[in-house]
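Please look over the model below before reading on.

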Amino acid sequence: RQRGQGAAALVVAHHEPVFWLIGLSSLVVSDTAAALLGGAYGKHSFFAAHDRKSIEGSAAFFAATFLGVHLALLLLTPIERGASVLVALQIALLVTSFEAISLGGNDNLFVPLVTYYLLVKMTPEPAASIAFQLLVQLAILGAMLMVAWRTRVLSWAGALAAHLVIYAAFS
């Protein structure tokens, strides 16, 4: 199943093979790290509908995505170091949030495609613009998690989903 989805990402990304490689690694490496570490060490769980997820698995997904995006951009593209770090942080945060709320394996198709889209959108931007976008995204995420924690109006997964929707409307 993942082979066909990886091929779909390649068709979309045929002009930017490095971005396709980054998108595919965000699925293969990050999803595997999340499953292995979340399954072995996941003690703090939350639910996205009926799917149990763990904060530890999401942290592993975030770390693997950040490293995969940053190192590939740094080593395989002419993007500056600072911009590479900021792009990697923002993509890791967005894709991790999306993966945490994805149900039934939908992330296997959308994570590489979203990663590719974000790379195309963000890499031409100056570092200051990316930093501003990241700060806004963190503020939105913090506000939504605070609402979920203090009021119980939103679940943790609901807070992540609200963060993605509000940030998408902003950006």
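Helices (H or I, at least four residues) and strands (E, at least two) are DSSP runs, numbered from the N terminus. On that basis, the elements of this protein run α-α-β-β-α-α-α-α-α from the N terminus on, with 7 helices and 2 strands in the protein. The model is predicted: local features need pLDDT of at least 70, side-chain atom pairs count only at pLDDT 80 or more, and totals for chains, interfaces and linings use all residues. Residues are numbered from 1 along each chain as its sequence is written, and side-chain values use heavy atoms, with hydrogens and water left out.

**Burial and contacts overall**
- Buried residues (under 20% relative accessible area, with exposed over 50% and partly exposed in between; 1.4 Å probe, protein chains only) make up 43% of the 171 residues.
- Contact means heavy atoms within 4.5 Å; among contacts between residues at least 6 apart in sequence, 66% join residues at least 24 apart.

**The nonpolar core**
- A nonpolar core is a set of buried Ala, Val, Leu, Ile, Met, Phe, Trp, Tyr and Cys residues joined through side-chain atoms within 4.5 Å.
- The largest one has 36 residues, and those with the most contacts inside it are Ile22, Val69, Leu73, Val87, Ile91 and Leu119.
- Helices H2 (17-41), H3 (55-76), H4 (81-101), H5 (107-122), H6 (127-151) and H7 (156-170) each give two or more residues to this core.
- H4 supplies the largest share of this core, 10 residues.
- Apart from neighbours within four places in sequence, Leu73 is in contact with Phe19, Ile22, Ile79, Ser84, Val87, Leu119 and Thr123.

**Helix H4**
- The expected span of a helix is 1.5 Å times one less than its number of residues; H4, with 21 residues, reaches 30 Å from its first C-alpha to its last, close to the 30 Å expected.
- H4 is mostly covered, as 15 of its 21 residues are buried.
- Glu99 lies in H4 and is buried, with a relative accessible area of 7%.
- Leaving aside neighbours within four places in sequence, Glu99 is in contact with Asp31, Lys53, Phe61 and Asp107.

**Helix H7**
- In H7, the buried residues are Ala157, Ala159, Leu160, Ala162, His163, Leu164 and Tyr167.
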